[in-house]
Amino acid sequence: MKREHSHRETSSVKVDSSSMTANKEEAGGFDELLVVLGYKVRSSDMADVAHKLEQLEMVLDDGISHLSDDTVHYNPSDLSGWVDSLLFDLNPTCDQVKPDQDSEYELSAIPGSAAYPPGKRTRTGSDSPTTTTTTRSMVVLDSQETGVRLVHALLACAEAVQQNNLKLADVLVKHVGLLASSQAGAMRKVATYFAEGLARRIYRIYPHDDVGLSSFSDTLQIHFYESCPYLKFAHFTANQAILESFATAEKVHVIDLGLNQGLQWPALIQALALRPGGPPDFRLTGIGSSLTGQSIQEVGWKLGQLANAVGVNFEFKSIVLNSLSDLKPEMLEIRTGSESIAVNSVFELHRLLAHPGSIDNILFTIKSIKPDIITVVEQEADHNGSVFLDRFTESLHYYSSLFDSLEGPPSQDRVMSELYLGRQILNLVACEGEDRVERHETLVQWRNRFSMGGFKPVNIGSYAYKQASMLLALYAGADGYKVEEHEGCLLLGWQTRPLIATSAWRLNRVG
Amino acid sequence: MAAANEDNLNECKRIVPLNTWVLISNFKLAYTLLRRPDGSFNRHLAEFLDRKVPPNSFPLDGVFSFDHLDSSSSSTNLLTRIYLPAPLDPSRHGTVDLTEPLSTTEIVPVLIFFHGGSFTHSSANSAIYDTFCRRLVTICGVVVVSVDYRRSPEHRYPCAYDDGWNALRWVKSRIWLQSGKDSNVYVYLAGDSSGGNIAHNVALRATKEGVKVLGNILLHPMFGGQERTLSEKRLDGKYFVTIQDRDWYWRAFLPQGEDRDHPACNPFGPRGQSLGGVNFPKSLVVVAGLDLVQDWQLAYVDGLKKTGHHVNLLYLEQATIGFYFLPNNDHFRCLMDELKKFVHSMEDDTLSKSSPILLTP
């Protein structure tokens, strides 16, 4: 059998010129071909990373060293950092310094054929200044094959609205109603909400923001908490990051930017109670809107009862504001130097994007109190683009996945959860300007914002990932819920569609 | 021992581009951490480390994708990721039309792709495989259906094969995967490593059950046997792969207590079945010259030839496993050229059964 005779270059394998160019193309300094595969390695670091991989291989080959199952891994995309950590873990006596987990990297846009962030839109419409388009991921279920006409009708109606052709939109929205009624399950419910949103937009019957209905909102949120794991995941992962940052601190202060019913804190209080060496003094500052002022005190009181029961010294303060933008550092009464501070935000920050400057205000306030950690959970979606039709399409896919995940035997929790989500859909579709508060943005967009705001990432690692996965298996039962790790952040999704993202931050101490 | 290993590493680094070396070495290292000596697998850490990407209904570089969940099959929810060329009309970008065939005039081959990972690692939404499938669409002019089959050790033989079979039946029954004047779904089965093994076994079942598969594409397929072949001994530990790790994966996949002469591992071995008189599809088998499994792959090719089946062998002498993850080498280009020819040669079905042996230039 003939064998090929390859020409071997003295130093490297024969590669053609076009791929050589591709390798050399600077993508923020990262090797572009590896970026597409999910790894960020600077071309200038490649040889060094290769060398360390060799070292690791030799260490592991010795058969003496091994890595415990309990080793915690962080941010596998940062290959250089990951490899450094492994070397350190396997050779702790060596005089390497433990690598900084929060390795800095540039978040400039990655050009070329990178798989994410994805490329430009081709629809007409201006790009908003913060545009980073999502991939509009979609999971199609069997039922949706027959529901395709319904989806098309919805999109056609939205397009008519986009073009301000309200007569056509009116005809189409009625058509949608007809098609929806012949559907079943999640598809029907989602279509109904989106159709209602479109109808309100066409007829200008805008839904009011939650005035007078805030206690109802709270109730809905509790049902949402009970019926599906999204809030539980949000609380759990944020608490993990907070616990890790508190470490052995003797006095800790958590500032919750949206206390609601305080569902996140019993678990943290219990975890603190069980801390080896004893619990710290725990101080909670809960922020709420002026509509929920009375109930914030009650929530604080109940948490106090729990803390007492488990032996944790507890202090509570409530702050009532019209908007988070009004939060001033002095309101928080920080005890500088003596307490470890965590700022926590679950689904709160995106609302501030409705008012110009608000997000900058809150970030400034947060920076000025110098917290040890900031935990942020947000919907993983691009629902804040400037083009209505794009927002509509994105959110249709997003809520379809979300509603699919809720499908199951009927229960009051589920019905209320659907209503909870339905109100978000109505706001997203029917409202504009300052009324449109459901301005979800993606993890990539939030990362940019925090980075530019003077914060750096705190990586959430494999321990939290594993615990979150196991928690999901307990509560959710169905194997559709998936946790993913993305460059130090954790995302919870339904099937392959990430739906919420938890990230953690601290101040970028420059100079 | 350390010195010999160091030689291995240096030699290996000379053969592949540096970024490819880093990528595959990274996998090798990670996989070593995940396999436990008792045969169990650290699945949580595996999923944590795996780089995943979402599908994109809005085209990127001429390809769009979406995920489909088939909950109709009896026991499992089978996820597949479908990759299609972007519609020429930009106003149709971002939506998925599941009511129309791919074409009513041209034949559009549909490649059912089974990702590799030695039956244990990776998923359809792993970045390495998502990227590879996208390249298949643009370079070879096919539609790709990537199957997220159940993996070992949690799901042993025959789970992956059953999932593959269900995927084949599902694909065959989709209106929107039909093409040509006769409105058929023109199916090829493809896979790398364990995926190649799955492709063979699904083709086997298709043959038995009368489902038409136009061809198989096996990219350094995972086969083995009890015997230690020359290539295994010669290349053990030299190019990312060891006999020891291969053994681990077979133990994890095969039914407990079975050895590597089980027909799933060794299809033409002592317990294998002959394909004589069977209407098995034509095959393109790609063998990497630096893969220690090659003797088993070449034996597979011989096994097909012996019973008169059409096999194209593409032997890439200087290629290591995983050469196709990055498009920065000639082997990649060669593979794509051959693959493209293979899936667009529908009329060649009636040609003689001789097996041209193709080599890298």
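Start by selecting Arg81(B) and Asp130(B) in this predicted model: their side chains form a salt bridge, 2.9 Å from N to O (a side-chain nitrogen of Lys or Arg within 4 Å of a carboxyl oxygen of Asp or Glu). Arg81(B) sits in strand β2 (residues 78-85) of chain B and Asp130(B) in helix α4 (residues 127-140) of chain B, so the pair ties together parts that are 49 residues apart in sequence. Helices (H or I, at least four residues) and strands (E, at least two) are DSSP runs, numbered from the N terminus. Arg81(B) is buried, with a relative accessible area of 0%, and Asp130(B) is buried too, at 3%. Buried means under 20% relative accessible area, exposed over 50%, and partly exposed in between (1.4 Å probe, protein chains only).

Residues count from 1 along each chain as its sequence is written, and chains are lettered from A, with ligands numbered from 1, in the order in which they are written. Local features need pLDDT of at least 70 and side-chain atom pairs 80 or more, while totals for chains, interfaces and linings use all residues; side-chain values use heavy atoms, without hydrogens and water.

Next, show Lys13(B) and Glu54(A), a salt bridge at 3.4 Å, N to O. This pair crosses between chains, from helix α1 (residues 2-15) of chain B to helix α3 (residues 46-61) of chain A. Lys13(B) is partly exposed at 27% relative accessibility, whereas Glu54(A) is buried at 8%.

Now pick Glu57(A) and Lys28(B), whose closest N and O atoms are 2.4 Å apart in a salt bridge. Here helix α3 of chain A meets helix α2 (residues 18-34) of chain B, and both residues are buried.

Finally, select Lys189(A), Glu407(A), Arg414(A) and Glu418(A), which are linked in a salt-bridge network.
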